[in-house]
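Subject: Structure handover

Hello,

Here is the structure you asked to look at. My notes on it follow below.

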Amino acid sequence: MPSEPKQSIPTKCDHCHRQMSEVVVCDYCHALSPSGLMTDYFTLLGLPRHYDLDEDDLRQKFFALNRHAHPDQHGGESPEVQQLSLALSAAINDAYRTLKDPASRGAYLLELLGGQSSAGDKSVPENLLNTVMMMQEELVDAKSAGDAAAVARIRETMTNQHDGLLRRVATLFSQIEDASACQAIRSDLLSEIRKQLNAISYVKKLLSQAG
């Protein structure tokens, strides 16, 4: 489970000793900082720790940081800087892959907020498994019969369910922000988010089978 560091890490550049506004690269001398390896993915990319992210902002932050940290930009520097560049570039790529997908972003944020991982809590919403099993049987029958129209209908149904689950996750995260002072409500919301994310995993598997 990811630890829950502070959203921002005030730090000074190791080279020019000026205050940095980001944790990856100095605003003034453009030196790389190891602080980027000691924080969460949201802070690493300079984003607020919220489920609802501006996708364009996420993409722009990623490309900007990747340009600064990419190993090709530091080939002539010391071995230590080159190693730091490799580590930061890998972390930035991992952060982008995690945060650009709504489900993986939700799972990551959930654990940052103290929720369970999928390994720690495998519960799903009531009747979800029955629904998935029924749709899976229908999908097998449709494929066996070569019924492309039926397969398309099943895919559309499961896509709608997937999108509905994501909307539910977004709503629950917004409720957590509103209920930050009430630990009991917060705990219930975290558990419910875990259920919804587990459900999304089942639906995604079925969608992959539908092609």
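Ring pairs join Tyr-41, Phe-42 and Tyr-108 into a cluster. Please keep in mind that this is a predicted model. The count of aromatic pairs comes to five. One of them is formed by Tyr-41 and Tyr-108, which are stacked, at 4.7 Å centre to centre and with 10 degrees between the planes. Tyr-41 lies in helix α1 (residues 41–44) and Tyr-108 in helix α4 (residues 102–112), so this pair ties together parts that are 67 residues apart in sequence. Tyr-108, at 13% relative accessibility, counts as buried.

Phe-62 and Tyr-96 also form a stacked aromatic pair, with 4.1 Å from centre to centre and 10 degrees between the planes. Here Phe-62 belongs to helix α2 and Tyr-96 to helix α3 (residues 79–100), so the pair ties together parts 34 residues apart in sequence. Both Phe-62 and Tyr-96 are buried.

Next, helix α4. Eight of its eleven residues are buried, so α4 is largely enclosed by the rest of the structure. The buried residues of α4 are Ala-103, Arg-105, Gly-106, Tyr-108, Leu-109, Leu-110, Glu-111 and Leu-112. Which helices cover them? Among the elements that do so are α1, α3, α6 (148–178) and α7 (183–210). Just after α4, Gly-114 takes a positive phi of about 100 degrees.

Two further residues are worth a note. Ala-95 is found in helix α3. With a relative accessible area of 0%, Ala-95 is buried. Leaving aside residues up to four places away in sequence, Ala-95 touches Tyr-41, Leu-44 and Leu-45. Ala-95 and Arg-105 are ten residues apart along the chain, and their C-alpha atoms are separated by 9.3 Å.

Asn-66 has its place in helix α2 (residues 55–69). Is Asn-66 buried or exposed? Its relative accessible area is 15%, so Asn-66 falls under the 20% limit and is buried. Again leaving aside residues up to four places away in sequence, Asn-66 touches Ser-89, Ile-92 and Asn-93.

On pockets: the largest pocket holds about 160 Å³ of space. Its lining is made up of Glu-22, Val-25, Cys-26, Asp-27, His-30, Leu-45, Gly-46, Gln-60, Lys-61, Ala-64, Leu-65 and His-68. By residue type, this lining divides into five nonpolar, four polar and three charged residues. Leu-45, one of the lining residues, is also among the contacts of Ala-95.

Last, the overall layout. The domain assignment gives the chain a domain 1 (6–100) and a domain 2 (119–210). The centres of domain 1 and domain 2, taken over C-alpha atoms, are separated by 33 Å.

Regards

Note on methods. Residues numbered from 1 in each chain as written. Predicted model: local features only at pLDDT ≥ 70, side-chain atom pairs only at ≥ 80, totals over all residues. Heavy atoms only, no water. Helix = DSSP H or I, 4+ residues; strand = E, 2+ residues; numbered from the N terminus. Buried < 20%, exposed > 50% of the residue type's maximum accessible area, 1.4 Å probe, protein only. Contact = heavy atoms within 4.5 Å. Domains from an automatic or database assignment. 1 Å grid on protein atoms, 1.4 Å probe; cavity = no way out; pocket = protein on both sides within 12 Å on 5 of 7 lines; lining within 4 Å. Points joined across faces, edges and corners; volume = space filled by probe spheres on them. Nonpolar A, V, L, I, M, F, W, Y, C, P; charged D, E, K, R; others polar. Phe/Tyr/Trp six-rings, centres within 6.5 Å; stacked < 30°, edge-to-face > 60°.
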